[in-house]
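Welcome! Let's walk through this structure together, one feature at a time.

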Amino acid sequence: MDPRVWNATPEEVADRYPCDRYLTVPFRSFVRAVDVAAPVPVVYRWLCQLKVAPYSYDLVDNPGRRSPRTLTPGAEKLAAGQKFLIFTVAEFALDDHLTGVIADRHRRSYGEVAVTYRVSPAPQGTRLVGRLDVGASTTFERARRSALAVGDALMGRRQLLNIKSLAEATARDAGA
């Protein structure tokens, strides 16, 4: 199994993403994707929840606190520079993408990293793709990037599956 790709099509792996513009060092990309049986606006709204909690493995990523299972009022109000996960919002487009760059306080641990979560219409509802670009210039940074690929393969997959489940439940509850 290639820890850099999970459930993404070759086209999604090869595609360009907004996060690609933010690294000035050589980088590799990790791409995760999932189909969601919910409309794009519902899935995008759940992406905004990443300002509130990580939605992966809460014991590891959220010191044991459960990520909210309902939408947090106001979380959809995005602005450049806001914190989400270990990133700050670099740019976003409503019902299209949320892109961030590693927050300064996490750069020493993770190195140069940028991320884009992209939503697009799909026959079954929405295609949700997460792309993580991880830079590396030195041998140490390349080793760190390889370790990050394995960890992100587990955490990123869980995160997308949790967002999928919550967005689908929201859509069902709303009769969408």
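Q: How should I read a salt bridge, and which residue pairs with Arg32?
A: In general, side chains of opposite charge can pair when their charged atoms come close. A salt bridge here is a side-chain nitrogen of Lys or Arg within 4 Å of a carboxyl oxygen of Asp or Glu. Arg32 forms one with Asp152, and their closest N and O atoms are 2.8 Å apart. Arg32 sits in strand S2 and Asp152 in helix H5 (residues 139-174), so this pair ties together parts 120 residues apart in sequence. Helices (H or I, at least four residues) and strands (E, at least two) are DSSP runs, numbered from the N terminus.

Q: Before we go on, what kind of model is this?
A: This is a predicted model, in which local features need pLDDT of at least 70 and side-chain atom pairs count only at pLDDT 80 or more, while totals for chains, interfaces and linings use all residues. Residues are numbered from 1 along each chain as its sequence is written, and side-chain values use heavy atoms, with hydrogens and water left out.

Q: Are Arg32 and Asp152 buried or exposed?
A: Buried means under 20% relative accessible area, exposed means over 50%, and partly exposed is in between (1.4 Å probe, protein chains only). Both Arg32 and Asp152 are buried.

Q: How many salt bridges does the structure hold?
A: There are 12 salt bridges. One of them joins Asp15 and Arg118, with the closest N and O atoms 2.8 Å apart. This pair links distant parts of the chain, 103 residues apart: Asp15 is in the loop between helix H1 (10-14) and strand S2 (27-36), and Arg118 is in strand S6 (residues 113-122). Asp15 is partly exposed at 34% relative accessible area, whereas Arg118 is buried at 17%.

Q: Where does Arg127 lie, and what does its side chain meet in a polar contact?
A: A polar contact is a pair of N or O atoms within 3.5 Å; within protein, one must be able to donate a hydrogen and the other to accept it, and residues adjacent in sequence count only if both atoms are side-chain atoms. Arg127 lies in strand S7 (residues 125-135) and is buried at 11% relative accessibility. Its side chain joins that of Glu12 in a polar contact of 2.7 Å.

Q: How do I read a pair of aromatic rings?
A: Such a pair is described by the distance of the centres and the angle of the planes. Rings of Phe, Tyr and Trp (its six-membered ring) pair if their centres lie within 6.5 Å; planes under 30 degrees apart count as stacked, over 60 as edge-to-face and the rest as tilted. By this rule there are two aromatic pairs. Trp46 and Tyr55 have ring centres 6.0 Å apart and planes at 85°, so they are edge-to-face. Phe84 and Phe87 make a tilted pair, 5.7 Å centre to centre with 35° between the planes.

Q: How many disulfides are found?
A: A disulfide is a pair of cysteine sulfur atoms within 2.5 Å. A search of the whole structure finds zero. For Cys19, the nearest cysteine sulfur is that of Cys48, 17 Å away.
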